[in-house]
Amino acid sequence: MFKKLMMTGIATVSLLAFSFPVESFAHANTHTVQKGDSIYKIAMKHGVSAKQLQAMNNKSNADIHPGEQLQLPVALSESEKDLLARLVEAEAKGESYAGKVAVATVVLNRVESDLFPDSLNGVVYDGIQFSPVLNGTINQPASAESKRAVNEAIAYQGYDRESLFFYNPDKAQSDYLSSKEVTTVIGDHVFLR
């Protein structure tokens, strides 16, 4: 009897485990438009502004169609915000507030890009991308200004020039980056896509 009950329980748990759809992380930052959806409803559901949702999807108006895939802004947990703020602090210490926002924006753009990992941790710890990861300065606490810069970068998603790279030409040279399009220069950092 116990064996039969145990087998029934295992079968039920297995059935339930495979019955519910699970959204993979790769699709966590997209929304498939359903009948009755609007930019406003989708924005409210995901806690973003309708204008930001339009900007991220290059929409000049609110027209959307069922089946259309919309990019959603990256949503970060508190620990991810802290990680990004520590990276910004270490990478852009001494730079202007605008420079700090731009550095955070590059990291968020990388999360959205197919060229980089799909998570903030994946982007930050991706090989030798960021010297603060290599030299340990990422482990130092972030300033209040760097934390504010991260929050502004999150709110700013979709309004930037799609920069994926930045560097300080006085400290680093790169043939790879010299082939990229410069989007802006802020302080000592050159931003590129």
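The protein chain exposes about 11700 Å², and carbon and sulfur atoms supply 56% of that area. The area comes from the Shrake-Rupley method with a 1.4 Å probe.

Before I go on, a note on the model. It is a predicted one, where local features need pLDDT of at least 70 and side-chain atom pairs count only at pLDDT 80 or more, while totals for chains, interfaces and linings use all residues. Residues are numbered from 1 along each chain as its sequence is written, and side-chain values use heavy atoms, with hydrogens and water left out.

The chain has 9 helices and 5 strands, taken as DSSP runs (H or I, at least four residues, for helices; E, at least two, for strands). Of its 193 residues, 38% are buried. Buried means under 20% relative accessible area, exposed means over 50%, and partly exposed is in between, with a 1.4 Å probe and protein chains only.

Now the salt bridges. How many does the structure hold? There are 6, each one a side-chain nitrogen of Lys or Arg within 4 Å of a carboxyl oxygen of Asp or Glu.

One of them joins D82 and R86, at 2.9 Å from N to O. The two are 4 residues apart in helix α4 (residues 78-92), so about one helical turn separates them. D82 is partly exposed at 33%, whereas R86 is buried at 16%.

Another pairs E89 with K93, at 3.7 Å. E89 is buried at 11%, and K93 is exposed at 63%.

R193 and E181 also form a salt bridge, at 3.1 Å. R193 lies in the segment after β5 and E181 in the loop between α9 and β4, so the pair ties together parts 12 residues apart in sequence.
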